[in-house]
Every structure is written in C-alpha cells, then in structure tokens.
Amino acid sequence: MAITLTETAAEHVRSYLEKRGKGFGLRLGVRTTGCSGMAYVLEFADEVAANDNVFEDRDVKVIVDDKSLVYLDGTELDYGKEGLNEGFKFNNPNVKDECGCGESFNV
Amino acid sequence: MALLQIAEPGESTAPHQHRLAVGIDLGTTNSLVATVRSGSPVVLPDESGNVILPSVVHYSRNDDSGKCTVVVGDAARDHAVSDPLNTISSVKRLMGKGHGDRALSESGNQFAQADEDNQVPAIATACGDLTAIEVSADILEALRSRAEASLGGELVGAVITVPAYFDDAQRQATKDAARLAGLHVLRLLNEPTAAAIAYGLDQSLSSAGQETATDEGSLVAIYDFGGGTFDISLLRMTQGLFEVLATAGDTSLGGDDLDAAVVAWITQKGELGEITDAGDRKLLAMQAKAAKQALSESESATISFTLSSGASFNRSLSLSEFEELIEPLVARTLQPCRRVLRDAGIDAAAVGAVVMVGGSTRIPRVREAISEFFGRRVLCDIDPDQVVAVGAALQADVLAGNKSDTDMLLLDVIPLSLGLETMGGLAEKVIQRNTTIPVARAQEFTTYKDGQTAMSIHVVQGERELVDDCRSLARFELRDIPPMVAGKARIQVIFQVDADGLLTVSAIEKESGSVASIDVKPSYGLKDTQIESMLKDAMASASEDMQARALAEQRVEAERVLLALQGALQADGERFLNADELAEIDKLSGAVASAIDSDDVDRIKDSVKALERGSESYVERRMNASVRAAMSGQSIDRVGDSLTDTASTDSAT
C-alpha cells in the first residue's frame with residue numbers, strides 16, 4: 001500500500017515547496033486530538049527520521065512515520081475548492097466516521 | 001471534509017485552532033485583502049475572481065420598507081454617475097479630518113450641518129448621516145466577509161495598513177472603523193514597511209551581497225504613489241530587522257490628482273466651462289482615469305463622452321501630452337524624497353534599492369523620474385496594487401502566531417513630534433519626530449505657583465515652538481497635588497506610543513502619588529492643518545519661532561520672579577525693609593511689569609536683572625533670618641539631615 005496524490009494536489013505541493021525555497025517533501029501524519037479522536041497533520045518536511053517512510057508520487061516526496069501510516073495507508077491527498085475556500089483533503093479509506101467539520105476522525 | 005493547509009514542520013495547529021489572519025490594504029481608491037496559505041501569500045478574490053475591491057460604497061433606502069442597503073465595490077461604483085450623492089468614494093481622505101478641513105470641500109460629498117453634538121463631519125446619505133469611519137467600516141466589513149468565506153472560518157485578526165504619514169487621529173479613526181466592522185486589529189502597519197516585507201528585501205539584500213550592504217545595513221526607499229496619498233519612506237535593514245529611518249509625503253497627492261489634471265485638460269480643450277452637475281463630474285473623473293490607465297500601455301488614449309447638458313467630447317490624448325500634464329505632480333513627489341534623505345542624513349547614492357508601490361507607479365514617466373532621482377533601476381516586479389496587502393498578510397501570519405519566525409521585528413517612527421504645553425504657551429517636545437516606536441519617554445515638570453493643587457496638561461503634536469502653531473491632541477488635568485511652594489512639586493509626565501503609533505499620556509505627582517492619564521482620543525473636531533504644511537511652516541518659521549520662544553520664556557521668568565517677590569513682600573516685606581527700600585523695589589517691579597507687556601526680550605531680561613540686584617539685600621536678610629530660625633535648637637546632625645533634604649528637592653526641576 002502507499003500514499004498517493006491527485007495531480008491538482010501534487011501541483012500545489014510542488015508550487016508551495018518552490019515558493020518556500022527549501023524542504024525535502026510533504027509530511028502527512030495523525031495525532032490524537034480533536035473532537036473525534038484523531039487529527040491530520042500536514043506539514044512541510046525538512047528532514048527524514050529513522051522511523052519515517054518515504055513515498056514518491058508525481059514528483060512529490062511524501063513522508064509518513066510508522067505510527068501514522070497505520071491510520072493513513074491507502075490515503076489519497078486531494079486539493080479542492082468549496083466556494084471561495086480552497087485547500088487539501090484526505091481521502092482516507094481507513095476512516096469510519098469523522099466529526100462534522102472533518103478535521104478529526106476515527107478509525 | 002475540511003480543507004487543510006500545509007504548516008511549517010512541528011507547527012500544525014489542533015483542529016478548530018487554525019489562527020486565520022489577514023492583511024488588509026485599506027486604500028483610498030482600492031482595497032485588498034490577502035492571507036498566507038500553505039506558507040505563501042495570496043490575495044483573496046471575490047466570487048467573480050476580482051482581487052481589487054474599489055473603495056466605493058453606495059447607500060440606498062427602500063421607500064416602502066425603509067430598509068437600508070449598502071453595496072461596496074464595483075457594484076457601488078456603477079451608481080457613481082446615476083446617484084452621486086449616495087455613492088461615497090475616496091473616503092480615506094476624510095479619515096480623522098475635522099469640520100472645515102480642505103479635504104471635506106474637495107470630496108464632492110454633501111455634509112451634514114456641523115453642530116455641538118457632531119464633532120466628526122458626517123456625510124448626508126439615504127441611510128442617514130455617516131462618518132468617514134462608518135463608511136470605511138462598510139469597506140472593511142466587505143473584505144472581512146470575503147476573507148471568512150475564502151478561509152472557511154472566523155478571523156482572529158487583521159493587520160491593516162495605513163500611510164506612514166497618518167497622524168494619531170487618522171490612525172485611531174482607522175482602528176475605530178475596524179472595530180465597527182468586527183475586526184480585531186493585530187496591528188496597524190505602515191504601508192512602506194508592508195511593501196518591504198512583501199519583497200522580502202531583508203533576505204535578498206543581505207544574501208545577494210549588495211555593494212551597499214555595510215555594517216550599518218542596507219537602505220531601501222519605498223516610493224508609494226497610490227490613489228489618494230503619496231509616501232516616501234527610507235528603511236534600513238540590518239540582519240532581517242526593519243527600521244524606518246524617516247518618512248515624508250503628501251496626504252493629499254495621488255492618482256486622483258493625476259485624474260484631476262486630465263479632467264482639467266478635457267474641460268479646457270472641450271471648452272466645457274465649469275461642470276456643476278455631480279453626475280457629470282463623476283463621469284468626467286471616470287473618463288480621465290480610464291485614459292490615464294490606457295496610457296500606461298499605449299501611446300495615446302481616446303476620450304469620448306456626452307454630458308447631461310448634451311455637450312459632447314471626442315479627442316485623443318497622447319502620451320507626451322499626458323506626461324506634460326502630470327509633470328508638476330511628479331515633481332511634487334520629489335520634494336518629500338529630498339526631505340527624507342535630508343532627515344536621515346543620507347545621500348541618494350547610498351540607497352540600495354527603490355521599491356515602487358501604488359497604482360500610479362505603473363505610469364512609465366513616474367518610474368523614469370524616480371530612477372533618475374535615485375540613480376538606479378526601480379523595483380516593480382510585484383504588482384504595485386497588491387504588494388502592500390501581501391506584506392500585511394505576511395505580518396498578520398506572524399502576529400497571529402502561525403509562524404515561529406519572530407525575528408521579523410518591525411520598527412516604525414512617529415511622523416510628528418509629540419509634546420505638551422508649558423507656561424507661556426510654549427510647546428515642550430517630549431518625543432521627537434522620527435523616533436522609532438514603540439517608545440516611552442518621561443519628563444519631570446513642577447508647579448508654577450505657590451500652593452498650586454492642579455496642573456492642566458495639554459498634549460500637542462507638531463514641530464513649531466509655540467502651542468498655537470501646533471496641533472492640539474488632548475487636554476487633561478492632574479488634580480490633588482498637595483499644596484507646596486512653587487517648584488517643589490515633582491510631576492512626572494510619561495508619553496507612551498504603542499506599536500500602532502497611538503499615544504497614552506500619564507502624569508503622576510511623586511509626593512502624593514496622584515495620577516491622571518489619557519489615551520489620546522484624537523481630536524477629530526479640531527481644525528487640522530495638513531501635516532506637510534506643518535512641517536514646511538516649521539522650517540520656514542524657524543528663526544521667528546526661536547524669537548517667539550525666547551520672548552515667551554523671558555516673560556514666564558519675569559512673571560515668576562514678580563510672583564515670588566510679591567509673595568515674600570506680603571509675608572515679611574515690612575519686617576526687613578524700610579520705606580525707601582520698599583519704594584525702590586516697587587519701582588523696579590513696575591518696570592518689569594511694563595517690560596513684560598512689550599515684545600522686547602532684552603528689555604524684559606534687563607528689567608528682571610535690575611529687580612534682582614535691587615532686591616539682593618532683602619533676599620539676603622530673609623535667608624539669614626530663616627537659617628537662624630531653622631538652626632535654633634537643632635543639633636548638628638539634624639542640620640545635616642535637613643541640608644540633604646534641600647539638596648534632593650533642588651534637583652526636582
């Protein structure tokens with residue numbers, strides 16, 4: 001299994017990394033918090049740690065640590081617009097239910 | 001499913017804890033809102049994809065329901081011709097202005113009658129009388145709802161930019177407008193500083209190893225020729241730290257004036273006479289603006305329209321004709337450029353970069369004139385309309401706590417000296433102009449009369465020596481000063497200017513601990529002299545002011561001596577003096593009193609000296625008597641104590 005990105009998401013990540021001027025790739029993760037148990041982490045990654053997994057899709061390196069991968073495996077990162085708002089979306093097959101806003105979830 | 005943004009490593013926020021912050025460029029002609037998304041600044045568009053919101057508001061009232069409708073932006077501008085009196089544009093020019101200000105009569109709006117209750121001029125509209133603050137609040141409200149729709153949540157705050165030249169009244173008015181619009185102001189940021197942040201000049205200059213980068217930092221000039229204001233600022237950048245060295249400008253010079261020059265040309269060429277109809281005036285202004293904008297791209301522009309009177313106009317304006325029309329205005333922007341260099345004591349050649357900000361810098365002739373002036377190519381890569389909003393957004397992101405990058409610290413300066421009124425109507429400057437803020441300065445003052453129990457503190461702003469020539473900001477009173485001899489009370493007055501350039505003045509009487517303070521609620525209602533003319537006046541009247549100060553100081557001194565002497569004479573004059581001596585002192589006092597009424601500094605000084613000489617023996621006798629009285633029955637140790645006491649009160653002036 002792996003982590004993948006849609007082309008729109010990959011385009012945005014590449015452009016953000018370029019504007020930022022540094023960074024190894026994109027870090028995806030989860031942490032225990034929020035109203036429904038888990039919350040996503042989406043950060044620029046400057047380094048890779050020993051327990052990290054590195055996936056590469058559409059010229060973007062995605063870094064996920066071992067612990068997060070359990071919850072994220074098979075996830076596709078997408079980029080979308082809702083009205084004037086825009087941003088990244090996690091299409092995560094592991095999710096059983098999520099809170100109304102979708103910022104936190106349960107597996 | 002929520003839409004997420006990429007955070008810096010280790011800085012992901014908890015769900016529902018995203019700190020949404022925006023930067024707002026509240027401009028005279030156009031306003032913009034920007035934010036930082038996944039580390040990159042973006043200007044936020046509306047539903048139709050337009051990022052620029054014209055700073056125009058239209059008010060209408062439904063005749064049946066009586067309901068009021070407010071429209072902002074392009075939709076409002078469409079009413080400019082059909083309903084000019086209810087369509088308010090360039091309202092930024094009216095911010096913080098009082099009744100009778102030139103800006104009011106030139107705005108083309110209809111104002112409600114000034115009376116006791118309305119200290120702030122109000123524009124008469126279909127929705128009632130509205131102040132400039134309320135109209136600005138409607139613009140900010142439109143930007144806020146656009147930002148909240150774009151970011152999907154409530155804003156924690158906004159950084160709003162103001163011209164570096166805005167005075168305290170104008171800054172406070174801007175803050176008031178934000179509060180009315182439901183925005184929390186993280187900070188007011190000077191527009192040039194925002195532009196510098198947008199260009200990231202601190203990094204580019206130091207990393208590129210510019211030839212001008214010395215230990216003293218790199219110098220950058222920000223030339224901001226916007227719709228309604230002109231600013232030139234000189235910034236120094238040292239290791240990523242911005243400091244505004246000096247600012248100057250013209251709060252009443254902008255693209256609107258370039259349009260007016262074109263309007264004047266049209267009126268003259270078309271022999272249209274004086275245009276009185278408000279609709280025609282707006283139509284003409286819009287035609288002029290369109291021609292100006294076209295001439296940034298092409299060699300000529302065609303102007304064609306028909307007035308309500310039926311008179312029509314159809315002629316083309318060539319680029320060279322246009323450049324001739326605007327040349328005096330371009331030249332006017334160069335004077336403040338010279339002034340900032342002089343204020344900062346810097347040669348034009350030492351400036352390492354020149355940044356162009358504001359729509360008017362799209363005009364090729366403007367760029368050319370400025371690059372000639374500074375002798376270097378100007379920077380105009382970032383859209384000059386967006387650069388300020390982008391910088392404000394970057395700053396808002398830092399202030400909202402989304403970035404650990406705290407080394408982006410900004411230092412701004414106050415545009416005009418702040419001080420207070422002392423005896424004789426003199427302005428004592430406590431904080432000098434171009435001092436970096438935030439700043440706090442304390443100065444000690446004392447009482448003038450014996451037994452004085454209150455002190456009136458009059459806060460003024462300006463460069464002139466006499467209070468009458470400065471701008472009055474606020475007055476307050478310090479009460480409950482314990483009765484003491486004149487000059488014994490120690491009153492500490494503290495001037496504090498916060499990061500937004502807003503002033504708090506407090507006074508404390510040290511012995512009793514009585515305290516009084518005031519947040520400078522800027523005096524909207526005051527007749528306001530333009531800042532630039534205040535500065536000009538200060539230069540022009542320097543020697544006159546010096547004499548006026550000398551005269552006023554001498555008068556105060558003479559009056560103080562008379563007052564002290566009279567008090568003493570009343571108490572024990574007859575004990576120490578015979579009739580002849582009394583008569584002599586009386587005569588000399590009379591001479592001082594009449595000298596005070598003259599305008600002759602030397603005469604006052606001489607008469608005071610004569611009086612001091614004449615009363616020398618009297619003073620000596622008094623002193624001896626009081627020393628004797630004080631020492632009788634005291635041990636040597638106690639005498640030493642009381643001498644120490646005297647020494648400490650002596651320094652309290």
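## Chat about chains A and B

Author: Of the 653 residues in chain B, 43% count as buried. Keep in mind that this is a predicted model.

Reader: How many helices and strands are there in chain B?

Author: Chain B has 18 helices and 27 strands.

Reader: And what share of its contacts join residues 24 or more positions apart?

Author: Taking contacts in chain B with a separation of 6 or more, 70% are between residues 24 or more positions apart.

Reader: What follows α6(B)?

Author: B:Gly200 does, and its phi is positive, near 55°.

Reader: How about α12(B), how many of its residues are buried?

Author: In α12(B), 13 of the 13 residues are buried, so this helix too is largely enclosed by the rest of the structure. Helix α12 spans residues 387-399 of chain B and reaches 19 Å from its first C-alpha to its last, close to the 18 Å expected at 1.5 Å a residue.

Reader: Now α10(B). At what angle does it pack with α11(B)?

Author: Helix α10 (residues 319-344) and helix α11 (residues 364-374) of chain B pack at an angle of about 35°, and their axes are 10 Å apart. The crossing of α10(B) past α11(B) is right-handed.

Reader: Which residues make that contact?

Author: From α10(B) they are B:Glu323, B:Ile326, B:Val330, B:Leu334 and B:Cys337, and from α11(B) they are B:Arg365, B:Val366, B:Ala369 and B:Phe373. Sorted by class, the contact of α10(B) with α11(B) has 7 nonpolar, no polar and 2 charged residues.

Reader: How do α8(B) and α10(B) cross?

Author: Helix α8 (residues 255-269) of chain B crosses α10(B) at roughly 145°, and the two axes come within 9 Å. α8(B) also passes α10(B) in a right-handed crossing.

Reader: Which residues meet there?

Author: On the α8(B) side, B:Asp257, B:Leu258, B:Ala261, B:Val262 and B:Trp265; on the α10(B) side, B:Leu325, B:Ile326 and B:Leu329. The contact of α8(B) with α10(B) divides into 7 nonpolar, no polar and 1 charged. B:Ile326 takes part in this contact and in the contact with α11(B).

Reader: Sheets next. What is the strand order in the open sheet of 3 strands?

Author: The order is β6-β5-β7 in chain B, with antiparallel pairing.

Reader: Which strands stand at the edges?

Author: β6 (68-72) and β7 (87-89) of chain B do; each has a single partner strand, so one side of each is left without a neighbour in the sheet. On average, neighbouring strands of this sheet are turned by 20° against each other, ignoring direction.

Reader: How many bridges between β5(B) and β6(B)?

Author: Strand β5 (residues 56-61) of chain B pairs with β6(B) over 5 bridges, in the antiparallel sense. B:Val57 is opposite B:Val72 in β6(B).

Reader: Which helix packs on the sheet?

Author: Helix α4 (residues 132-151) of chain B, which touches β5, β6 and β7 of chain B. The direction of α4(B) makes about 65° with that of β6(B).

Reader: What do β19(B) and β20(B) form?

Author: A hairpin, with 3 residues between the strands; B:Gly424 in the turn has a positive phi of about 85°. Strand β19 (residues 418-422) and strand β20 (residues 426-431) of chain B run antiparallel and are joined by 5 bridges. B:Gly419 is opposite B:Lys429 in β20(B).

Reader: Switching to chain A. What is its secondary structure?

Author: Chain A has 2 helices and 9 strands. From the N terminus on, the order is β-α-β-β-β-β-α-β-β-β-β. Of the 107 residues in chain A, 35% are buried.

Reader: A:Phe88, buried or exposed?

Author: Buried, because A:Phe88 has 25 other C-beta atoms within 10 Å, and 20 or more is the cut-off. A:Phe88 lies in strand β7 (residues 85-91) of chain A.

Reader: What does A:Phe88 touch?

Author: Not counting residues up to four places away in sequence, A:Phe88 touches A:Ala9, A:Leu42, A:Leu77, A:Tyr79, B:Leu3 and B:Leu4.

Definitions and conventions:
Residues numbered from 1 in each chain as written. Chains lettered and ligands numbered in written order. Predicted model: local features only at pLDDT ≥ 70, side-chain atom pairs only at ≥ 80, totals over all residues. Axes fitted to C-alpha atoms, helices over the stretch in contact; angles between N-to-C directions. Helix = DSSP H or I, 4+ residues; strand = E, 2+ residues; numbered from the N terminus. Left-handed = near helix turned anticlockwise from the far one by under 90°. Contact = placed C-beta atoms within 7 Å. Nonpolar A, V, L, I, M, F, W, Y, C, P; charged D, E, K, R; others polar. Buried ≥ 20, exposed ≤ 12 C-beta atoms within 10 Å, placed from the backbone. Expected span 1.5 Å × (residues − 1). Pairing = 2+ DSSP bridges.
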